[in-house]
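Here is a short briefing to read alongside the structure. Have the viewer open and follow the residues as they come up.

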Amino acid sequence: MKTHHYIFLTAILFVIVFYDQEVGLNLGILGISYAVLTLFRTPEKNKTRTLYALFATSILSSIAFAWFGDFPSFIAVVSSLLLMGYKSKNRRLKVLFLIPVFIVNCCTSFCRFFSFDEWLPKKNVPGLWQKTLAFILIPLVLVSVFFGIYSAGSNHFAALFTDYEWDLNIWQIFCLSVLGFFIAFNYWNYAVEKLIYKNNHVLDNDFSKDSRVPKATYSFLDLDAERMSGVISFVLLNVLLVFFIITYNYEQFYEAVKTPVQLSEETHERVNAVIMSIVMAILVIMFYFKSGFNFDPKAGLLKILAKIWIFLNAILVVSAALKNYEYIVNYAFTYKRLGVFAFLLLSLVGLVLTYIKIQKQKRNIFLVNTMIWFFYGTVLVCSYFNWGGFITSQNMKRKDFAVNYHLTSINFSEKALLKYADEKNDQKLRNTLQNKVKNETSKTFLSKILYYQTIK
């Protein structure tokens, strides 16, 4: 199939699955269709391990959305398909360029649509397709546009068509067609500017041979002075961080017990301080090891001090994680407290990658290129797992279990709450949950969320 076949096929599929439906199972079906068609269309030379991995995550993300239908799974579907479509055409382009490519194509799609020679067949067009395009599609588009113009200008003209009852919602079909075509056109027919291809090397992880010569970063500092500046800075920062870790842990684990409100405020303040400290630590190391010092034979002491600082920051992350765990033990699980673990884990990953950058003499962009994939992995984990059910099932074991909070503020907790209602013989809670489940299961097939279909 040619590009225009994929565009029209997926645009029509979009209208079919979303017409007169809510978002649910239909988006999962559409996501799987896009993933399968993308793999089928990808040239053999571009079918790398990365592409197959993205194909698997696209399928799993689509299933996750069909199961949960929430925002994290939606982000997982979109990001997986965009990455897969991007890598299917450009296996060597860095992922970081996906953002400008996506933005530019969305902004230029209107102009590119009218460049028919670039996406429609130029010659050897089958007669049936010619007749369909010339006798049906083009007149239909023109009639639809002018029908809208004339209807807005004359109530009597509009009444000729609106006074009758139609089985089809023409306006909805039109809007869905436009949206479906816009998505399909930009997915299957996106363009990468030559400027991006020319600058792809800027995002390489490794230094070029010309950049491996040690030299000073600034004209007002020679290499020896800059190296000594780094040594002094890291010595002072290590000493400062040691004292901070001591006082930080003393305040967390040995001071008098405080009220839940005070403990909550202090925990969030300290975790924010830790995350900011980690970010600044990585930026400082990126500043000193952006070029020359990576290959300076006299920078051994500087590298050791930087690695010690990375290790001390890792201790700080572990301390914050232990405090967050203690907070959860005392005051139960919430989304935010689990989110703190996620941020701290990503901070720890950032420190490990910074150590690898120094050890393997990588460029600073290596951290960005690699962290993108870890952020993507975090999105996948958030979308695949029922965190609401986990939170509720764990908090049910507590004596201070807040039923109303989990009923109204925690998603996908119905199974655990039904179990709790049976254990406590709470008929009111059970009726409330059953009504909620009934509202979800009564939706049309393509609008269903599969999670609720498994609740009895």
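Let's start with Val 202, which touches Arg 363 and Ile 365 once residues up to four places away in sequence are set aside. Please keep in mind that this is a predicted model, with a mean pLDDT of 85 for the protein chain.

- To find Val 202, look in the loop between helix H10 (194-198) and helix H11 (223-253).
- Val 202 and Ile 365 are 163 residues apart in sequence, yet their C-alpha atoms are 8.5 Å apart in space.
- Val 202 has a relative accessible area of 37%, which makes this residue partly exposed.

**Helices H2 and H4**

- A pair of packed helices is described by two values, the angle between the axes and the distance between them.
- For helix H2 (residues 25-41) and helix H4 (residues 71-89), the angle is about 15° and the axes are 10 Å apart.
- Angles under 35 degrees count as roughly parallel, so H2 and H4 are roughly parallel to each other.
- The crossing of these two helices, H2 and H4, is left-handed.
- On the H2 side, the contact is made by Leu 27, Gly 31, Tyr 34, Ala 35, Thr 38, Leu 39 and Arg 41. They meet Phe 74, Leu 81, Met 84, Gly 85, Ser 88 and Lys 89 of H4.
- Sorted by class, the contact of H2 with H4 has 7 nonpolar, 4 polar and 2 charged residues.

**Two residues with positive phi**

- Phe 412 is not a glycine, but has a positive phi of about 55°.
- You will find Phe 412 in the loop between helix H17 (403-409) and helix H18 (414-424).
- Is Phe 412 buried or exposed? Phe 412 counts as buried because its relative accessibility is 9%, and the cut-off for buried is under 20%.
- Asn 425, likewise not a glycine, has a positive phi of about 55°.
- The loop that holds Asn 425 runs between H18 and helix H19 (427-441).
- With a relative accessible area of 66%, Asn 425 is exposed.

**Confidence in the model**

- In the protein chain, 88% of residues reach a pLDDT of 70 or more.
- Which helix has the highest confidence? That is helix H3 (residues 49-68), at a mean of 96.
- Confidence is lowest in helix H8 (residues 155-162), where the mean is 63.

Technical notes
Residues numbered from 1 in each chain as written. Predicted model: local features only at pLDDT ≥ 70, side-chain atom pairs only at ≥ 80, totals over all residues. Heavy atoms only, no water. pLDDT = per-residue confidence, 0-100. Helix = DSSP H or I, 4+ residues; strand = E, 2+ residues; numbered from the N terminus. Buried < 20%, exposed > 50% of the residue type's maximum accessible area, 1.4 Å probe, protein only. Axes fitted to C-alpha atoms, helices over the stretch in contact; angles between N-to-C directions. Parallel < 35°, antiparallel > 145°, perpendicular 65-115°, else oblique. Left-handed = near helix turned anticlockwise from the far one by under 90°. Contact = heavy atoms within 4.5 Å. Nonpolar A, V, L, I, M, F, W, Y, C, P; charged D, E, K, R; others polar.
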